[in-house]
Amino acid sequence: MRSAIVSFILFALILAGGIGISSMISSQKEEAPRLPSIENVTQVSYRIAQNSNLPAVVEVNGRLVARDRVELYSEVSGTYRSGGKLFKEGAFFKQGEVMFNMADQEFLMTLRAQRSSFMNQITLMLPDMKSDYPASFPTWSAYLDSIQPDQRLPELPQPASDQERYYLSAKNIMNLYYSIRSQEARLAKYQIYAPFSGKVSVASITEGTLVRAGQKLGEFFNPSSYEMEASVSLRELPYLQQGSSVDLRSEDVPGKWTGRVLRVSDVIDAQTQTVRVFIGVSGESLKEGMYLLGTANGKALTEVVAIDRGLLYDDNSVFVAIPSQEGDSTADGKFLRTGTLKKVVVEPLQFADDRVMIKGLANGSWLVDQVIPGAYEGMTVSLFQLD
């Protein structure tokens, strides 16, 4: 019993000594410094706003059609013969080159017979003219000598008086003359010449085909000059004007082209509320039916700033930064300083696909030029400017 009491007392003394020594050691240790709390501040880029006069940019798109295009029809009947070059799709003809040659021998012989009859009529008239109008006899005699049955009739001599004109009409000279000139004009239609340098887009006949008057022969167009029809909304129309330059591009063919606004329609599409605008363009690699898109540089907007469309909040506001203290340059070239955000109401003047022209932003403002999720007025941010 006594040994148990002694053991308990020793255990208590050892426990108390251990606690005392632990307390003494703890009292001698320095308290670890508390780390300051670090606030997470969003880093945003900014640029100094500067108002200027900028052209309004209107997005356009459409397909190309040839500016010069004709449908060819025959005005006479005959068998088609090539004019040295077959009239086939893709064939090129220079301006004035023969595209069609139709057999005209039968018509030509008939015309020569009419010229001969005309010569005979004048020959019969000359004896009477020598006695009735002796002053005009040498003129008409020389005119008879100038007529060739296989050539176009020369111009008729002018009658010296009204009586002489009536005399010529009574002899049927005037009627025969104009009838032959009409047939000569018809003879010229047996050949069709290229109205301009271009290519055949549609060929409806082949060599040896019997062509009838009024039959369609094909289509011909100029491959170096095109028009693009684009639809522009009524909201964008005030910024566009005739003669405005248009920068065009294709998603399928490399290259860029510059066009001009040729015409602006006055008719509004009732369903889409758009107006048709016709843009002229020419250049290599362009083909009819090709789809192009681009931007038209319209009237100048005064004292505006162009920003990314995503930077416009609530359709009429942007964020600017109010700097609060000087900053430091970082290793990557960014100049950091803190600031707070302020929302400024502006007037959006003209929208494009990726940007908007705004008015009402003061020169020198620190315009936040990146989208900040959850941004609000008074928000503290860390600002940097790369340039």
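**Entry 1: helices H2 and H3**

I began with helix H2 (residues 105-132) and helix H3 (residues 137-146) in this predicted model, and I found that their axes come within 10 Å and cross at roughly 160°. For my own reference, helices are DSSP runs of H or I with at least four residues, strands are runs of E with at least two, and both are numbered from the N terminus. The axes are lines fitted to C-alpha atoms, for helices over the stretch in contact, and the angles run from 0 to 180 degrees between N-to-C directions. The crossing angle makes H2 roughly antiparallel to H3, a label for angles over 145 degrees, while those under 35 count as roughly parallel, 65 to 115 as roughly perpendicular and the rest as oblique.

I noted next that the crossing of H2 and H3 is left-handed, which is the term when the near helix is turned anticlockwise from the far one by less than a right angle, clockwise being right-handed. On the H2 side the contact (heavy atoms within 4.5 Å) is made by Phe 118, Met 119, Ile 122, Thr 123, Met 125, Leu 126, Met 129 and Lys 130, and on the H3 side by Phe 137, Trp 140, Ser 141, Tyr 143 and Leu 144. Sorted by class, these are 10 nonpolar, two polar and one charged residues, where Ala, Val, Leu, Ile, Met, Phe, Trp, Tyr, Cys and Pro count as nonpolar, Asp, Glu, Lys and Arg as charged, and the others, Gly among them, as polar.

**Entry 2: helices H2 and H4**

I then looked up H2 with helix H4 (residues 162-170), whose axes come within 12 Å and cross at roughly 160°. H2 and H4 are therefore roughly antiparallel to each other, and their crossing is right-handed. From H2, Met 125, Asp 128, Met 129 and Asp 132 meet Glu 164, Tyr 167 and Leu 168 of H4, a contact with four nonpolar, no polar and three charged residues.

**Entry 3: two glutamines**

I looked for Gln 114 and found it in helix H2, partly exposed at a relative accessible area of 28% (buried means under 20%, exposed over 50%, partly exposed in between, with a 1.4 Å probe and protein chains only). Leaving aside neighbours within four places in sequence, Gln 114 is in contact with Ile 180 and Gln 183, and its C-alpha atom is separated by 8.4 Å from that of Pro 149, 35 residues apart along the chain.

Gln 273 lies in the loop between strand S13 (256-268) and S14, and with 40% relative accessibility it counts as partly exposed. Not counting residues up to four places away in sequence, Gln 273 touches Ser 233, Leu 234 and Ile 268.

**Entry 4: the chain and its confidence**

I recorded five helices and 22 strands in the protein chain, and buried residues make up 35% of its 387 residues.

The mean pLDDT (the predictor's confidence in each residue, from 0 to 100) is 84, and 86% of the residues reach 70 or more. Confidence is highest in strand S14 (residues 274-281), at a mean of 93, and lowest in strand S17 (residues 328-329), at 49. Over residues 29-38 the pLDDT is below 50, and beyond near neighbours in sequence this stretch has zero contacts in the model. Where pLDDT is low, the predicted coordinates should not be read in detail.

**Entry 5: conventions**

Residues are numbered from 1 along each chain as its sequence is written, and side-chain values use heavy atoms, with hydrogens and water left out. In this predicted model, local features need pLDDT of at least 70 and side-chain atom pairs count only at pLDDT 80 or more, whereas totals for chains, interfaces and linings use all residues.
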